[in-house]
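Hi,

Here is the structure I promised to send over.

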Amino acid sequence: MTSGVTALNIPVSELSDETRSYFDKCREKLGLVPNVLTAYTFDEKKLRAFTDMYNDLMLGDPALSKLEREMIAVAVSSVNHCYYCLAAHGAAVRQLSGDPMLGEMIAMNYRAAGLEPRRKAMLDFAVKLTEHPDKIEEADRQALREVGFSDRDIWDIASVAGFFNMSNRVAAAVDMRPNDEYHAMAR
């Protein structure tokens, strides 16, 4: 059972060797298996779909830096009040930036974080896409181009924001809890 990770009581499936190996890599690199992965252990097909998309968006090689992708995750999760993602990705922002306050500042009010115009424009777009997707227009994309983002970058910003909107909603629906370790990371 994934008890304590979510409010749901769903039996864990037998994990394949591939999944156990993936979890071992998580323990090696992160010191833990993120609870979001544990939550998906009831269905390896869903777990694989989640990790494939996450790894492509967050660990792939687009022009956006890992820090920028994590900043989008935190800004979107702030709008959605996603406790899990704010804890996990706030820790990643602290770790990647070397700034123990940046994750919290983005979570509370990224506009007050003193970000350079490029990163502020990126978060403005991600937050608008989260709050008012029906109001995105050419002027919003043009604002990103004016600070140096390519059309491919805009696609990636939208994709990361979209992924975290989905993840935030699932986490809220099942009351997913972050690993305790996230709260102390990079402090």
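**Alanine 186 and its surroundings**

Setting aside neighbours within four places in sequence, alanine 186 is in contact (heavy atoms within 4.5 Å) with Ala91, Arg94, Gln95 and Pro100. Keep in mind that this is a predicted model, where local features need pLDDT of at least 70, side-chain atom pairs count only at pLDDT 80 or more, and totals for chains, interfaces and linings use all residues. Residues are numbered from 1 along each chain as its sequence is written, and side-chain values use heavy atoms, with hydrogens and water left out.

Alanine 186 sits in the segment after H9; helices here are DSSP runs (H or I, at least four residues), numbered from the N terminus. With a relative accessible area of 32%, alanine 186 counts as partly exposed (buried is under 20%, exposed over 50%, partly exposed in between, with a 1.4 Å probe and protein chains only).

What about H9 itself? Its 24 residues (151-174) should span 34 Å at 1.5 Å a residue, and the end C-alpha atoms are 35 Å apart, which agrees; the expected span is 1.5 Å times one less than the number of residues. Just after H9, aspartate 175 has a positive phi of about 55 degrees.

Cheers

Terms used:
Helices (H or I, at least four residues) and strands (E, at least two) are DSSP runs, numbered from the N terminus.
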